[in-house]
Amino acid sequence: MKKIISILITAAVLTLLPFQTLQAWSSFRNEQGQGQANTIAAKTPLSPDTTGAKWQLRFAEGSGTAYNSDPVITDAHIYVACKSTLYQLDKNGTILSSLSLEAPMNSVCRMCLSGNRLFIPLSGGRMQCIDISTMKPLWTSEAFGLQSLTTVYCANGFVYAGTTNATGTDGLFYCLSAEDGKTCWTYKAPTPCGYYWSGAVTDSADNFVLFGGDDGILISHSAGNDTVLDTYDLSGSIPQTDGQAAGPGGIRAGITYDTDTDAYYTTSTNGYLYQIKMTSQGTFASVTAVSLLPSRTPDCNCTSTPTICNGRVYVCSYNGFQGQIHVIDAASMHMIYSASSPDCRDIKSSPLVSTGIADGESGKKEPDSVCVYFTQNAIPGGIYYIRDDKTARSAEIETLFTPKEGKQFCLSSIAADTDGTLYYSNDSGTFFAVQEGYAPGSDEPAVPDNPVPPNGPAVPGEPSLNPEASSIPAVVPPATPPVSPVSPNTDERTPGGTDAANSKKPGKPRKIRWKYKKTKRSSYRVTFTWKKGTHTAYTRIKISKRNKKASKKQWSRVYQPSSAKKTITLKSGTYRISFYGCLSGGKKSGAVNSTLHLPS
């Protein structure tokens, strides 16, 4: 009888609760303060030969630069803001409904979904709350002024965000009630400080919230009360594993919590990764830093939020125009390796880590193997990745997806759905859905019908945002449509702006050699060497093997090393190896084919 009563009470309570939407990607990096932020377990794309745009949308009119918000994804819908309009899409890219917002968004808009409530940061330092089950506004906060560029974070009935000016020298951080949008507290630094691309995270008990800004100072604040619990200046002398002291730098990244180390991780604009350990009272227990670029050149910079998986920290940075991705041991804070290539440019994005990649031959999940995706703030504005595992000590940066249309610079990070679809926008304002099975060179991706979006008004008195503050050396996106990207091997351009290198035909690789060594039963480490073809930026290697159980089905992997050497692990069998010389714009030579037999 008691069991029946209990069931009836539970059912009655559930009927009184508001409808709750299942969330696949609730915010920028899907940060929820419980570990595993910016990771996905779905099977994501691995080969550029079989990956392409499933569909793409451009909400803004015109051909210049445009900005979309980072997407929020539920079980059935996708939400994207552009200018002063919020769009609700289905998973096929069809616009189901739209809503005019209280004000336009700034160039970066990182929304957050909690239940049915979508919190959208808008220009003028406003926050608007939308009920996505009805697509109707619930409230708009007071206007704190300036621009809204931080990541919105929600926890325990509170909403956290910050404001900044264009140079990161003015702004504040604030806490709102998620119920009605009333201000709970604000924090303004005693030093010139804005909150540019930073973000907050709470502890597991929601006792304190941790955030930082352009002054390089971490703030531990009471989650709901107007009380600062502790501060820590990262620009002071900090113990670190390479024996150096960290110099001054701002915080233009979010903060990631890792359950295994019970620590928080963030980066500074002068190229350091920090591990932060806290007490339960919200005070700083220890802070450790490691230099992402030990040479400490003045142009090194990092605005990438770390992602942590399998005890490894993945974070991107750049040095002048050269981008790189770093892999660091999360516990010891020792650098494991860094990966770059001659054609890798400025990286602003935070890496997405997929644990759902599968072995090409068996189709089964590869334990401890991950694929790490990121974008580059350079034309053409595509998706790049490395493959990594617990034993790896190096990696090659490979190109997964290059837009056919809408090539532009890219500040965005990659979001993912539970089916493995990758979503992002570049600075052309094009929103891409990228998935396996939509190979380049096939039919053009679907472009769903969509209403013409209203043009959002300019905000009087607000400076236009340069995505790269003048204090940080960077490549600034052009206001005019982009020209073709330049090959890293030449700076030649024709007077009309066409890349002269891309008019040349890339030469085929030559003197291809390989050697292999058996590492364990039916497994070999194969090292390929070759001479690069003339005028080529990189070499494309396609390795394919016929599946014995399905003779017509091919297993294949594609590698795109910029060097003339590549080591790959393969199982016993016979493989077809194809080498191509490539230009950075994607143009490739004819194939040089060989057969490789690895004995059982």
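Biologist: Leaving aside its neighbours within four places in sequence, with which residues is Ser177 in contact?

Modeller: This is a predicted model, in which local features need pLDDT of at least 70 and side-chain atom pairs count only at pLDDT 80 or more, while totals for chains, interfaces and linings use all residues. Residues are numbered from 1 along each chain as its sequence is written, and side-chain values use heavy atoms, with hydrogens and water left out. Ser177 has its place in strand 14 (residues 173-177), a strand being a DSSP run of E of at least two residues, numbered from the N terminus. Taking contact as heavy atoms within 4.5 Å, and leaving aside neighbours within four places in sequence, the residues that Ser177 touches are Trp139, Gly157, Lys182 and Cys184.

Biologist: Is Ser198 buried or exposed?

Modeller: Ser198 has its place in the loop between strand 15 (183-187) and strand 16 (201-202). Buried means under 20% relative accessible area, exposed over 50% and partly exposed in between, with a 1.4 Å probe and protein chains only. Because the relative accessible area of Ser198 is 1%, this residue is buried.

Biologist: Which backbone oxygen does the side chain of Ser198 reach?

Modeller: Leaving aside neighbours within four places in sequence, Ser198 is in contact with several residues, including Thr150, Thr151 and Ile251. Its side chain also comes to 3.0 Å from a backbone oxygen, and that oxygen belongs to Gly212.

Biologist: How many residues has the largest nonpolar core?

Modeller: A nonpolar core is a set of buried Ala, Val, Leu, Ile, Met, Phe, Trp, Tyr and Cys residues joined through side-chain atoms within 4.5 Å. In the largest one, the residues with the most contacts inside it are Phe59, Leu89, Tyr373, Ile383 and Leu422, and its residues number 37. The largest share of this core, four residues, comes from strand 35 (residues 430-436). Apart from it lies another core of 32 residues, among them Ile217 and Tyr264, whereas the largest has 37.

Biologist: What is the volume of the largest cavity?

Modeller: On a 1 Å grid over the protein atoms alone, a cavity is a set of points where a 1.4 Å probe fits but cannot get out, and its lining residues have an atom within 4 Å of a point. Grid points are joined across faces, edges and corners, and a volume is the space filled by probe spheres set on the points. The largest cavity is lined by 22 residues, of which Asp70, Val108, Arg110, Leu411 and Ser412 lie nearest its centre. Its volume is about 220 Å³.

Biologist: Is Lys511 buried or exposed?

Modeller: Most residues other than glycine have a negative phi. Lys511, in strand 36 (residues 510-520), has a positive phi near 50 degrees. Since its relative accessible area is 53%, Lys511 is exposed.

Biologist: What is the relative accessible area of Leu146?

Modeller: Leu146 is found in the loop between strand 11 (136-140) and strand 12 (153-155), and although not a glycine, Leu146 has a positive phi of about 65 degrees. Leu146 is partly exposed, with a relative accessible area of 30%.

How values were computed: Polar contact = N/O pair within 3.5 Å; in protein donor to acceptor, adjacent residues only side chain to side chain. 1 Å grid on protein atoms, 1.4 Å probe; cavity = no way out; pocket = protein on both sides within 12 Å on 5 of 7 lines; lining within 4 Å.
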